[in-house]
Amino acid sequence: MSNVNVYPQRPADIAGQSPLHHAGLHELVGKGRKNAGITLREKKLLGHLVIRGDAKDTAFCGGVHKALGLELPVALTLVADGDTSLQWLGPDEWLLIVPGGTEFEVERRLREALADQHISVVNVSGGQTLLELSGPKVRELLMKSTSYDVHPSNFPVGKAVGSVFAKSQLVIRHTGEETWELVIRRSFADYFWLWLQDASAEYGLAVEA
């Protein structure tokens, strides 16, 4: 175990607020167009951890698998087990997303499994959030919003990339045939919410809790 001072960043006695708390998404549930082409859900207050290490080091790979039960994903992909996912961000960097409230214990398990190795684990939960978009018109919305090629032949299920979206940056993840996820920064959450409302107007937008 390293000497890093690991502590829970989210006090148990204080209710957290997601980056889109002010948008009142819960008040919009059930008010969208029937048979909307796009459904939006904020997967709020999840645990986000950035892991860095040497993917060529078997001890590092084994330690991650021991702590998470997941293999390190290769370039531009993600792996998932239930509500836990691990995504490749770069040659030595991965984004781990875990159920909210478990990030402290997960970080401790990682540091224990990777003890004495040259690694980094940073809790970035407060700095970003996850938006899930589902429905038959999501791909069309993405085509209007990003220059990255989202054609099925280039962006199959299981792929994840960082890209420019509108006039900002985010991570786009294809998690199901008609399901995509956007990992966005807290400071741009309002901008993305306004953009998605406008870009999805012709298809119909529904909000789920």
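User: Where is leucine 110 found?

Analyst: In this predicted model, leucine 110 is found in helix H2.

User: Is leucine 110 buried or exposed?

Analyst: Leucine 110 is buried, because its relative accessible area is 0%, and buried means under 20%.

User: What does leucine 110 touch?

Analyst: Not counting residues up to four places away in sequence, leucine 110 touches Ile51, Val64, Ala67, Leu68, Leu96 and Val121. Take valine 64 from that list: it sits 46 residues away from leucine 110 along the chain, and yet the C-alpha atoms of the two are separated by 6.6 Å.

User: And how do H1 and H2 pack?

Analyst: H1 and H2 pack at an angle of about 145°, with their axes 8 Å apart, and their crossing is right-handed. On the H1 side the contact is made by Gly63, Val64, Lys66, Ala67 and Leu68, while H2 brings Val106, Arg109, Leu110 and Ala113.

User: Which residues of H1 are buried?

Analyst: The buried residues of H1 are Phe60, Gly63, Val64, Ala67 and Leu68. They lie on the same side of H1, because they cover an arc of only 110° around the axis.

User: Why do residues three or four places apart point the same way in an α-helix?

Analyst: An α-helix has 3.6 residues a turn, so residues with that spacing point the same way.

User: What about the ends of H1, which residue caps the N-terminal one?

Analyst: Aspartate 57 caps the N-terminal end of H1, with a side-chain oxygen that lies 2.9 Å from the backbone nitrogen of alanine 59. Just after H1 comes glycine 69, which takes a positive phi of about 75°.

User: Which residues other than glycine have a positive phi?

Analyst: Among them are leucine 76, with a phi near 65°, and alanine 166, with a phi of about 60°. Most residues other than glycine have a negative phi. Leucine 76 is found in the loop between helix H1 (58–68) and strand S3 (78–81), whereas alanine 166 lies in the loop between S8 and S9.

User: Is leucine 76 buried, exposed or partly exposed?

Analyst: Leucine 76 is partly exposed, with a relative accessible area of 34%.

User: Changing topic, which residues touch the most other members in the largest nonpolar core?

Analyst: That core has 27 residues, and Leu133, Leu141, Leu142, Phe165, Ile172, Leu182 and Leu196 touch the most other members. The elements that each supply at least two residues include strand S1 (38–43), helix H3 (138–145) and strand S10 (179–185). Helix H4 gives the most to this core, with 5 residues.

User: What is leucine 182 in contact with?

Analyst: Leaving aside neighbours within four places in sequence, leucine 182 is in contact with Thr129, Leu130, Leu131, Leu133, Leu142, Phe165, Leu170, Val171, Ile172 and Leu196. There is also a second, separate core of 18 residues, which includes Val64, Ala67, Leu70 and Leu114.

User: How do H3 and H4 pack, then?

Analyst: H3 and H4 pack at an angle of about 115°, with their axes 10 Å apart, and the crossing of H3 and H4 is right-handed. Where they meet, H3 brings Leu141, Lys144 and Ser145, and H4 brings Trp195, Leu196 and Ala199.

Methods
Residues are numbered from 1 along each chain as its sequence is written. This is a predicted model: local features need pLDDT of at least 70, side-chain atom pairs count only at pLDDT 80 or more; totals for chains, interfaces and linings use all residues. Side-chain values use heavy atoms; hydrogens and water are left out. A nonpolar core is a set of buried Ala, Val, Leu, Ile, Met, Phe, Trp, Tyr and Cys residues joined through side-chain atoms within 4.5 Å. Buried means under 20% relative accessible area, exposed over 50%, partly exposed in between (1.4 Å probe, protein chains only). Helices (H or I, at least four residues) and strands (E, at least two) are DSSP runs, numbered from the N terminus. Contact means heavy atoms within 4.5 Å. The arc is that of the directions from the helix axis to the C-beta atoms. A polar contact is a pair of N or O atoms within 3.5 Å; within protein, one must be able to donate a hydrogen and the other to accept it, and residues adjacent in sequence count only if both atoms are side-chain atoms. Axes are lines fitted to C-alpha atoms, for helices over the stretch in contact, and angles run from 0 to 180 degrees between N-to-C directions. A crossing is left-handed if the near helix is turned anticlockwise from the far one by less than a right angle, and right-handed if clockwise.
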